[in-house]
Amino acid sequence: MLFDVDGTLFVTDDPLVGQALRETLSERFAVELPDDALERVDHEGQTSLRIGRLVLRDAGLDEPDLGPWCAEFANRYLELLGDADTSGWRAAAGAEQALVRLQEAGYRLALLTGNPEPVARARLERLGLARFFPAGQGAFGCESESRAELIDLARARAGEWPREATVEVGDTAADASSAREAGIRSLIVGHGTGFADALAPLG
């Protein structure tokens with residue numbers, strides 16, 4: 001089971017990610033970006049690399065290699081997070097209990113997220129959910145612009161786990177469409193849906 005982070009496990013608005021993205025893109029590519037640079041592009045369900053490209057295109061640039069920038073973006077986010085009050089952060093309702101039940105039932109859990117890996121793991125650490133997702137598994141937003149490619153990468157890291165036994169859990173249309181493209185099943189956690197209810201189709 002491949003779990004998205006934003007809107008799926010982590011349901012609190014986090015302006016730090018937009019700040020880190022703007023600051024690092026502006027610095028690396030010498031471009032002035034508006035405060036709403038992230039909101040101006042179709043960012044929901046996209047990978048960090050894809051979002052960076054969309055923001056630059058909106059500013060009139062088309063940079064072929066965003067890999068070095070993506071690591072800078074993650075590092076800047078972690079710097080901002082170190083001084084941030086995250087006491088108001090919330091996980092999805094019932095997430096911890098559902099993950100415990102899935103693990104006990106023998107499901108293998110991993111992350112499949114558009115976040116850079118350090119960002120995803122730092123968020124889950126603060127939410128108390130990091131222990132469910134082992135290092136060396138899953139796939140992350142600095143590794144490909146394509147979510148479908150991330151799914152293939154996560155399956156490879158799990159020992160070429162079969163497509164028919166893989167499920168992506170997310171909250172956006174992009175999550176569902178990338179799962180279809182990669183030939184796996186998807187479950188969508190709707191806003192306001194109890195986490196356990198959303199996973200009920202798994203039994």
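These questions and answers concern a predicted model and the grounds for some of the terms applied to its helices and pockets.

Q: What makes the confidence in this model what it is, and which element has the lowest mean pLDDT?
A: The mean pLDDT of the protein is 93, on a scale from 0 to 100. Of its residues, 93% reach 70 or more. Where pLDDT is low, the predicted coordinates should not be read in detail.

Q: Why are Ala-95, Ala-98, Leu-99 and Leu-102 said to lie on the same side of α4?
A: These four residues of α4 (residues 95-104) are buried, that is, each has under 20% relative accessible area. Around the helix axis they cover an arc of only 100°, which puts them on the same side of α4. An α-helix has 3.6 residues a turn, so residues three or four places apart point the same way.

Q: What is exposed on the other side of α4?
A: Gln-97, Arg-101 and Glu-104 are exposed there, so each has a relative accessible area over 50%. Just after α4 comes Gly-106, with a positive phi of about 95°.

Q: Which residues of α5 are called buried, and what covers them?
A: In α5 (residues 117-127), Val-119, Ala-120, Ala-122, Arg-123, Leu-124 and Leu-127 are buried, so each falls under 20% relative accessible area. The cover over these residues includes α1 (15-29), α3 (67-82) and β2 (110-111). Gly-128 follows α5 and has a positive phi, near 80°.

Q: Where is the centre of the largest pocket, in terms of residues, and which elements line it?
A: The largest pocket holds about 730 Å³ of space. It has 33 lining residues, of which Asp-6, Val-17, Leu-38, His-43 and Glu-44 are the closest to its centre. The elements that give two or more residues to this lining are α1 and α2 (48-58). Helix α1 gives the most, with five residues.

Q: What classes of residue make up the lining of the largest pocket?
A: Nine of its lining residues are nonpolar, twelve are polar and twelve are charged.

Q: What is the volume of the second largest pocket, and what lines it?
A: Its volume is about 340 Å³. Of its 23 lining residues, Met-1, Arg-108, Leu-109, Ala-110 and Trp-161 are the closest to the centre. By class, the lining of the second largest pocket has 14 nonpolar, five polar and four charged residues.

Conventions. Residues numbered from 1 in each chain as written. Predicted model: local features only at pLDDT ≥ 70, side-chain atom pairs only at ≥ 80, totals over all residues. Heavy atoms only, no water. Buried < 20%, exposed > 50% of the residue type's maximum accessible area, 1.4 Å probe, protein only. Contact = heavy atoms within 4.5 Å. Arc of directions from axis to C-beta. pLDDT = per-residue confidence, 0-100. 1 Å grid on protein atoms, 1.4 Å probe; cavity = no way out; pocket = protein on both sides within 12 Å on 5 of 7 lines; lining within 4 Å. Points joined across faces, edges and corners; volume = space filled by probe spheres on them. Nonpolar A, V, L, I, M, F, W, Y, C, P; charged D, E, K, R; others polar.
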